[in-house]
Amino acid sequence: MTETISSVDAIVVGEKNPTAATWAGVSIIVKVTTSRGAVGWGEAVPTLRVGPVVEAIKEAARVYVGRDPHNVEANLREWYKHDFYMARSFESTTAASAIDIASWDLIGKELGAPLYELLGGRSRDKVRVYANGWYSDAVSPADFAEKARKVAAMGYTGLKFDPFGKYFDWIDEKGLEEARARVKAVRDVVGDGVDIMIEHHGRFNPNSAIAIADALSEFNPLFMEEPVHPEDLDGLAKYRSRAGIKVALGERLIGLKDALTYLEGGLLDFIQPDITNIGGVTIARKVVALAEAYGVEVAFHNAFGPIQNAVTIQMDAAIPNFLIQESFYDFWPQWKRDLVNNETPVVNGHYEVPSKPGIGVSINEKLLEELRAAGPEYFNPEEPVWVVRGTWK
Ligand SMILES: O=C(O)[C@H](O)[C@@H](O)[C@H](O)[C@H](O)CO
Ligand SMILES: [Mg+2]
């Protein structure tokens with residue numbers, strides 16, 4: 001009797017009174033159960049529209065339930081066929097991504113193999129990480145420096161941060177000077193042996209992004225992330241021709257063709273796909289191969305919860321064109337680490353690669369139930385959801 005998917009449950013978990021921005025205070029965990037009672041775990045994007053994403057997962061479940069979870073390619077194609085808008089819909093793609101991740105978890109567990117063994121084996125035993133989320137409430141250069149000093153002392157050899165306060169679309173001389181002072185303060189305190197990465201959150205017009213590159217290039221960032229609005233391909237091409245500094249982007253890609261557009265256009269130096277919205281493991285591995293063909297390294301986006309984090313580490317372990325891995329792990333709310341029994345700690349700036357079957361971690365289901373959240377996600381009209389808390393000043 002063929003094993004089939006018998007249920008798909010989207011479980012919204014988070015803090016009852018969130019202290020962090022939505023994307024930090026909420027996770028959408030997906031539990032896939034099969035006709036044999038086996039369970040796989042996935043995760044969807046919680047940034048905003050948590051309700052519509054949960055509804056999209058229910059819609060996708062109407063295709064996936066009853067199908068064999070091993071057939072990840074065919075199952076994704078079947079959803080693509082039925083959904084009509086998948087290639088243009090973030091909700092539809094993150095829903096499929098979450099179920100796909102859970103399907104790979106199931107396959108790995110059934111074979112007794114960690115996912116990296118299904119993806120080419122170990123290319124590395126440890127995964128170098130960079131810290132994000134470490135600079136909550138930092139405003140002055142001294143704030144950034146003090147927090148950066150502590151992160152470097154924890155053993156991190158890379159720090160990413162957004163030094164632009166509440167500037168959006170354009171930045172003036174005052175804003176450039178504020179950003180420059182914050183970046184200088186971080187560079188001065190961590191020294192040249194630690195990589196710094198500048199997050200723009202895709203919010204500037206090309207002229208402002210180019211002015212930022214001119215102001216910050218002396219601090220030798222490893223990359224400038226999402227310097228211009230994500231839909232502004234012409235603006236990005238202009239930035240590439242004028243800024244002379246490495247670009248990383250990819251967290252908002254929702255499919256293989258999306259990635260190809262940027263790769264064949266030479267629009268980036270490093271690609272940052274997110275397994276929870278690129279199309280799960282099934283599509284992420286194709287994006288990695290495409291990037292390899294273009295000589296582009298991979299630095300997976302990883303800003304949400306512990307299931308995303310675990311499956312991302314499994315891919316990091318195997319891929320040949322690995323650059324560095326984003327991690328919020330030490331700066332998460334504690335419950336996110338507790339959900340996976342703190343099985344993927346950052347040790348001296350690296351993740352050890354778990355060798356448990358599937359995504360490599362076990363889930364604290366009792367805590368999952370205790371954390372179930374209901375209703376619309378936390379929304380702060382004063383500070384956009386994608387900002388590290390308390391820095392939109
Ligand atoms: O590079 C990153 O980790 C992201 O840009 C985060 O900083 C965003 O806030 C989050 O992904 C919003 O969904
Ligand atoms: Mg980013």
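Over in strand E11, Glu326 is the bridge partner of Tyr130. That contact belongs to a parallel pairing, in which E4 and strand E11 (residues 325-327) share three bridges. Strands here (E, at least two residues) and helices (H or I, at least four) are DSSP runs, numbered from the N terminus, and two strands pair if DSSP finds at least two bridges between them. Strand E4 (residues 126-131) also runs antiparallel to strand E13 (residues 350-352), again over three bridges, with Lys126 standing opposite Glu352.

All of this comes from a predicted model, where local features need pLDDT of at least 70 and side-chain atom pairs count only at pLDDT 80 or more, while totals for chains, interfaces and linings use all residues. Residues are numbered from 1 along each chain as its sequence is written, chains are lettered from A and ligands numbered from 1 in the order in which they are written, and side-chain values use heavy atoms, with hydrogens and water left out. The chain has a mean pLDDT of 96, with 98% of its residues at 70 or more; pLDDT is the predictor's confidence in each residue, from 0 to 100. For the complex, the predictor gives an ipTM of 0.98 and a pTM of 0.97.

Next comes an open sheet of three strands, ordered E1-E2-E3 with antiparallel pairing. Strand E1 (5-14) and strand E3 (39-44) sit at its edges, each pairing on one side only. Neighbouring strands of the sheet are turned by 25° against each other on average, direction ignored. Between strand E2 (residues 26-34) and E3 there are six bridges, and Lys31 stands opposite Trp41 in E3. Two helices pack on this sheet. Helix H2 (residues 50-64) touches E1, E2 and E3, and its direction makes about 170° with that of E1. Helix H12 (residues 306-318) touches E2 and E3, at about 105° to the direction of E3. Contact means heavy atoms within 4.5 Å; axes are lines fitted to C-alpha atoms, for helices over the stretch in contact, and angles run from 0 to 180 degrees between N-to-C directions.

Helices also pack on each other. Helix H4 (residues 90-111) and helix H11 (residues 280-293) have axes 6 Å apart, at an angle of about 95°. They are therefore roughly perpendicular, a label covering 65 to 115 degrees (under 35 is roughly parallel, over 145 roughly antiparallel and the rest oblique). At this crossing, Ser97, Asp100, Ile101 and Trp104 in H4 meet Gly280, Val281, Thr282 and Arg285 in H11.

Glu199 lies in strand E6 (residues 195-199) and Glu251 in the loop between strand E8 (247-249) and helix H10 (256-264), so the pair ties together parts that are 52 residues apart in sequence. Glu199 is buried, at 3% relative accessible area, and Glu251 counts as buried at 16%. Buried means under 20%, exposed over 50% and partly exposed in between (1.4 Å probe, protein chains only).

Pro230 sits in the loop between strand E7 (223-225) and helix H9 (233-243). Its 28% relative accessibility counts as partly exposed. Leaving aside residues up to four places away in sequence, Pro230 touches Gly202, Arg252 and Tyr262.
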